[in-house]
Amino acid sequence: MSFQSCFPIWDKLSDVQRNRILDGLVCHQIGRGTVIHSGSMDCTGLLLVKSGQLRAYILSDEGREITVYRLLDRDVCLFSASCMLRSIQFDITIEAEKDTSLWVIPAELYRSIMEESAPAANYTNEVMAARFSEVMWLVEQIMWKSMDQRVAGFLLEESAIEGSRQLKLTHDSIARHLGTHREVVTRMLRYLQSEGMVRLSRGAVELLDEKRLSALSSP
């Protein structure tokens, strides 16, 4: 898989712009658990995932984490280059949830391409709009959904990502994704288990009744 085949607007750039990107492009192999971007003062650049999985999250004043979105194969992240976008300061942390291979276009290089290329500018706006939509979706979840609904929804999302009903998840990791305390997650999972929707074991959750979990997670 090449960068050219993964970057959506590659065919809309000029030969000169393509060569500048290829000259500045950096490929990284990131180990699971590695933080690759931290806060608005860290201007990593545009990230394009070749393979693996990244997690973007924010921190509360109390130091609790809450997942904003995940980045999977071919996904692009621009919040990691928010310094190049006027009036946008977004304190987000990005870490590898799995061993990940990714490309990075340095922020200054991408900014110069964006300033001279209408397709690049339009694409940037589309990506940022999509990411902000995910942020607003998260806000709605926190404001209007109960914790049992959010836990059920998270388990279904995780199952879809992994392609399995057997999920290797600790109560602590779920709490970090949802921005809550481990004890709260434990209570919710035990409730779901008592209702026959999941089966709990050490470091794992098995989904038993996806239909009921889906019904629970719906507004």
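## Largest pocket

By class, ten charged, six polar and three nonpolar residues line the largest pocket (Ala, Val, Leu, Ile, Met, Phe, Trp, Tyr, Cys and Pro count as nonpolar, Asp, Glu, Lys and Arg as charged, the others, Gly among them, as polar). The model is predicted: local features need pLDDT of at least 70 and side-chain atom pairs pLDDT 80 or more, while totals for chains, interfaces and linings use all residues. Residues are numbered from 1 along each chain as its sequence is written, and side-chain values use heavy atoms, without hydrogens and water.

The volume of the largest pocket is about 450 Å³. Of its 19 lining residues, Arg32, Glu97, Glu158, Lys168 and Leu169 lie nearest the centre. Two or more lining residues come from each of β7 (93-96), α5 (147-162), β9 and α6 (171-178); α6 gives the most, three. Helices (H or I, at least four residues) and strands (E, at least two) are DSSP runs, numbered from the N terminus.

## Sheet

Strands β9-β11-β10, in that order, form an open antiparallel sheet (strands pair if DSSP finds at least two bridges between them). β9 (166-167) and β10 (198-201) are at the edges with a single partner strand each, so one side of each has no neighbour in the sheet. Four bridges join β10 to β11 (residues 204-207), and Ser201 stands opposite Ala204 in β11.

## Arg74

Arg74 is in the loop between β5 (65-71) and β6 (76-77). Its phi is near 75°, a positive value in a residue other than glycine. Most residues other than glycine have a negative phi. Arg74 counts as partly exposed because its relative accessibility is 42% (buried is under 20%, exposed over 50%, partly exposed in between; 1.4 Å probe, protein chains only).

Technical notes. On a 1 Å grid over the protein atoms alone, a cavity is a set of points where a 1.4 Å probe fits but cannot get out, and a pocket is an open set with protein on both sides within 12 Å along at least five of seven lines; lining residues have an atom within 4 Å of a point. Grid points are joined across faces, edges and corners, and a volume is the space filled by probe spheres set on the points.
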